[in-house]
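I opened the model to look up charge pairs and helix packing. My notes follow.

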Amino acid sequence: MIDDIRSDAQSRMKKSLEALDSAMKRVRTGRAHPSLLDNITIEYYGAETPLNQMGNISVEEGRTLTVSPFDKSMIPQIERAILMSDLGLNPSTSGTLIRLPLPPLTEETRKDLVKVVRAEAEQARVSIRNIRRDANSDLKELLKEKEISEDEQRRGEEQIQQLTDKMVAEVESVLKEKEEELMTV
């Protein structure tokens with residue numbers, strides 16, 4: 001039973017780390033990367049459709065993203081969705097291709113992005129701690145129902161704490177790596 005609780009907590013904590021990774025990929029560094037546009041959706045035949053399913057997204061010359069829509073009639077809606085996103089990109093269309101030049105990051109923009117990254121990391125840490133709290137309350141419930149002994153409960157809580165420390169350390173390393181990436185010019 002303790003192993004079940006621990007493995008459940010571990011899988012939930014890993015999901016928190018995966019969510020942090022995807023959030024970090026959305027934060028713009030100096031380089032163009034197709035994952036910057038992952039959270040943009042467009043209304044397409046009555047359904048919200050992700051941009052990456054509506055066309056090919058590629059990197060051109062390191063600092064420019066290009067979007068080549070499958071349905072050329074959707075170009076104005078795609079441009080509008082990119083403008084409405086909080087990425088600060090200005091699309092320019094040349095025929096059937098949308099170009100998104102990424103402006104160089106200023107020092108002030110970099111510091112703002114570091115704040116965003118730190119907030120995402122804090123959210124991941126809080127999520128991991130909440131999972132620890134849930135697992136510990138499950139252990140206390142087992143003790144209350146006399147399914148495990150106090151020693152087993154204490155041992156289980158120690159294992160959960162070790163797992164929590166390990167996952168928080170991974171969050172810290174991801175945060176440090178992203179901060180360094182953002183602050184390098």
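I started with Glu181 and Lys178, whose side chains meet in a salt bridge, 3.9 Å from N to O. My cut-off for a salt bridge is a side-chain nitrogen of Lys or Arg within 4 Å of a carboxyl oxygen of Asp or Glu. The two residues sit three apart in helix α4, so about one helical turn separates them. Lys178 is buried at 9% relative accessibility, while Glu181 is partly exposed at 26%. Here buried means under 20% relative accessible area, exposed over 50%, and partly exposed in between (1.4 Å probe, protein chains only).

I noted the basis. This is a predicted model, where local features need pLDDT of at least 70, side-chain atom pairs count only at pLDDT 80 or more, and totals for chains, interfaces and linings use all residues. Residues are numbered from 1 along each chain as its sequence is written, and side-chain values use heavy atoms, with hydrogens and water left out.

Next I checked Asp151 and Arg154. They form a salt bridge, with the closest N and O atoms 3.1 Å apart. Both lie in helix α4, three residues apart. Asp151 is partly exposed at 46%, and Arg154 is partly exposed at 43%.

I then looked up Arg129. Its salt bridge partner is Glu122, with the closest N and O atoms 3.8 Å apart. Arg129 is partly exposed at 33%, and Glu122 is partly exposed at 33%.

I also found a network of salt bridges linking Asp8, Arg12, Arg133 and Asp134. The structure holds 13 salt bridges.

Key. Helix = DSSP H or I, 4+ residues; strand = E, 2+ residues; numbered from the N terminus.
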